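Hi there,

Here is the structure I promised to pass on to you. Please open it next to this email, and then read on for what turned up in it.

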Amino acid sequence: AVVTLAAIYLAVRELEAHTSDMVIVGGGDTVQNPFAYLCFSKTHALSPRGQCRPFDASADGIVISEGIGVVVLKRLADAERDGDRIYAVIKAACGSSDGRDKGLSAPRPEGQVRVLERAYAKAGFSPATVELIEAHGTGTVAGDQAEIESLGRVWKAAAATRRSCAVGSVKSMIGHTKCTAGVAGLMKVALALYHKVLPPTMGVDTPNPKAHFAESPF
């Protein structure tokens with residue numbers, strides 16, 4: 001997911017700098033081999049049940065899968081001029097890091113809060129106006145908990161009203177496609193905007209009580 005989103009970030013920068021008129025960018029992951037399963041098993045990241053259930057009380061890990069996703073990016077004025085079908089407009093693309101800490105599989109809310117604040121400041125609108133968040137949502141206990149905490153900090157600071165924003169993850173539908181995960185999430189949100197729907201997140205029988213959804217903006 002990081003690889004894909006980094007590519008999209010660089011593509012957006014190229015368009016902003018007018019070094020390209022159109023950018024085709026995406027992610028592909030068709031590598032399912034014993035080594036990948038071994039690595040994820042050693043970090044205890046795989047779901048023993050083989051079900052990815054982001055934000056469910058019984059979530060117990062990821063399900064890895066394969067995928068290829070490609071999007072075409074253009075400046076809005078150029079797309080309107082050319083009569084293109086516009087699915088969504090990217091208002092900002094930002095990045096951040098937790099710095100030197102516990103490791104990749106132990107995310108910290110501080111780094112996530114930092115990138116959210118940067119993105120919304122650059123985009124020029126408040127998180128309180130957002131009605132759908134496509135989360136990283138892997139279904140791991142530590143990852144989902146850190147993400148909801150990060151989102152909660154930013155949305156509450158923006159005075160978002162209770163239960164005003166839907167949160168979900170495409171990984172509940174197609175699994176964790178690794179290098180394709182970022183563009184898969186982007187495509188889901190773009191299609192949600194285009195069709196004006198809130199896509200469901202599968203496998204949530206009982207929302208995770210540690211997320212305190214009933215009292216949160218989500």
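Phe218 has a relative accessibility of 8%, so Phe218 counts as buried (under 20% relative accessible area is buried, over 50% exposed, and in between partly exposed, using a 1.4 Å probe and protein chains only). Before we go on, please note that this is a predicted model, where local features need pLDDT of at least 70, side-chain atom pairs count only at pLDDT 80 or more, and totals for chains, interfaces and linings use all residues. Residues are numbered from 1 along each chain as its sequence is written, and side-chain values use heavy atoms, leaving out hydrogens and water.

What does Phe218 belong to? Together with Tyr120, Phe125 and Trp155, Phe218 forms one aromatic cluster. Rings of Phe, Tyr and Trp (its six-membered ring) pair if their centres lie within 6.5 Å; planes under 30 degrees apart are stacked, over 60 edge-to-face, and the rest tilted. The whole structure holds five aromatic pairs. In one of them, Tyr120 and Trp155 have ring centres 5.6 Å apart and planes at 90°, so this pair is edge-to-face. Tyr120 sits in helix 4 (residues 109-123) and Trp155 in helix 5 (residues 141-157), 35 residues apart. Helices here are DSSP runs of H or I with at least four residues, strands are runs of E with at least two, and both are numbered from the N terminus. Trp155 is buried at 0% relative accessibility. The rings of Trp155 and Phe218 also have centres 5.6 Å apart, but with planes at 55°, so that pair is tilted. Phe218 lies in the segment after helix 7, so the pair ties together parts 63 residues apart in sequence.

Now for helix 7 itself. Lys196 follows the helix, with a positive phi near 60°.

Last, the strands. Strand 1 and strand 2 run antiparallel and are joined by eight bridges (strands pair if DSSP finds at least two bridges between them). Asp29, for example, has Gly67 in strand 2 as its bridge partner.

Enjoy exploring!
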